[in-house]
Amino acid sequence: METKQNIEDLYFVLLHDAYSWVQKAERHLIPANIIHKELVNHLHGKHEIPDELTDMVMGLIDSYMLLLSLSFENIIKGLIVSIKPDFIDTDELKIYKWGTHGGHGIVEMLKCNFKSLDSIDSDLIERLQTYLIWAGKYQIPKSPDKYVSSRIPKIQKMYRENDNITAERLFNKIKRQIELNWERNLSVYYRWNDEYYDNKYNKK
């Protein structure tokens with residue numbers, strides 16, 4: 001039987017384990033890719049969305065982009081954890097932009113901690129951040145300024161047909177960086193783990 005202490009221990013272990021964040025990111029990708037296949041089926045060969053399919057297609061786009069944004073929020077946070085696995089609490093991760101936009105600032109987090117971004121990657125991440133903050137959950141944001149800035153000056157589309165290709169490529173690049181960081185910092189994680197249990201259970 002699990003105790004409160006066991007569950008609390010698991011919480012902190014998962015928080016400090018970069019691969020627990022990667023695992024959650026990959027789980028979000030599973031339904032995202034299923035939805036994307038359905039979306040492609042509805043859009044294939046169509047230059048415009050028929051009126052009778054508008055609600056369905058927009059619902060699929062919103063669901064796909066929200067799941068994709070949640071996946072990237074998790075893997076980007078995993079990237080930060082892989083850089084600094086021995087943090088005391090998440091306030092210590094502010095220098096890595098962890099808490100920006102209520103913890104959803106994936107643009108700032110990624111640009112601060114990952115240098116291999118091209119303009120296509122940045123465009124996707126900027127749109128995904130919009131879905132994380134409001135577009136994946138609400139019809140409009142809290143202020144008209146945010147709504148205007150999401151549409152101009154580029155009058156950008158919130159979804160692009162090649163987003164799945166861009167997402168897969170960027171996801172794999174970030175995951176590879178996490179692997180490299182974790183290989184380098186695994187001893188730091190184990191030291192944090194030992195100190196956590198020591199401080200909690202071996203105090204006199």
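Is the crossing of α2 and α7 left-handed or right-handed? The crossing is left-handed (the near helix is turned anticlockwise from the far one by less than a right angle; clockwise would be right-handed).

## Model basis

This is a predicted model, in which local features need pLDDT of at least 70, side-chain atom pairs count only at pLDDT 80 or more, and totals for chains, interfaces and linings use all residues. Residues are numbered from 1 along each chain as its sequence is written, and side-chain values use heavy atoms, with hydrogens and water left out.

## Helices α2 and α7

Helix α2 covers residues 18-43 and helix α7 covers residues 163-201. Helices are DSSP runs (H or I, at least four residues), numbered from the N terminus. The two axes come within 12 Å and cross at roughly 165°. That makes α2 roughly antiparallel to α7 (angles over 145 degrees). Axes are lines fitted to C-alpha atoms over the stretch in contact, with angles from 0 to 180 degrees between N-to-C directions.

From α2, the contact (heavy atoms within 4.5 Å) takes in Ala-18, Tyr-19, Val-22, Ala-25, Glu-26, Leu-29 and His-36. From α7 come Asn-164, Phe-171, Lys-175, Ile-178, Glu-179 and Trp-182. By class, the contact has 8 nonpolar, 2 polar and 3 charged residues.

## Cavity

A search of the whole structure finds 1 cavity of 30 Å³ or more. On a 1 Å grid over the protein atoms alone, a cavity is a set of points where a 1.4 Å probe fits but cannot get out; lining residues have an atom within 4 Å of a point. The largest cavity has a volume of about 30 Å³.

Its lining is Val-107, Leu-110, Lys-111, Leu-117, Ser-122, Ile-125 and Glu-126. Helices α4 (106-113) and α5 (119-135) each supply at least two of the lining residues.

Technical notes:
Angles under 35 degrees count as roughly parallel, over 145 as roughly antiparallel, 65 to 115 as roughly perpendicular and the rest as oblique. Ala, Val, Leu, Ile, Met, Phe, Trp, Tyr, Cys and Pro count as nonpolar, Asp, Glu, Lys and Arg as charged, and the others, Gly among them, as polar. On a 1 Å grid over the protein atoms alone, a cavity is a set of points where a 1.4 Å probe fits but cannot get out, and a pocket is an open set with protein on both sides within 12 Å along at least five of seven lines; lining residues have an atom within 4 Å of a point. Grid points are joined across faces, edges and corners, and a volume is the space filled by probe spheres set on the points.
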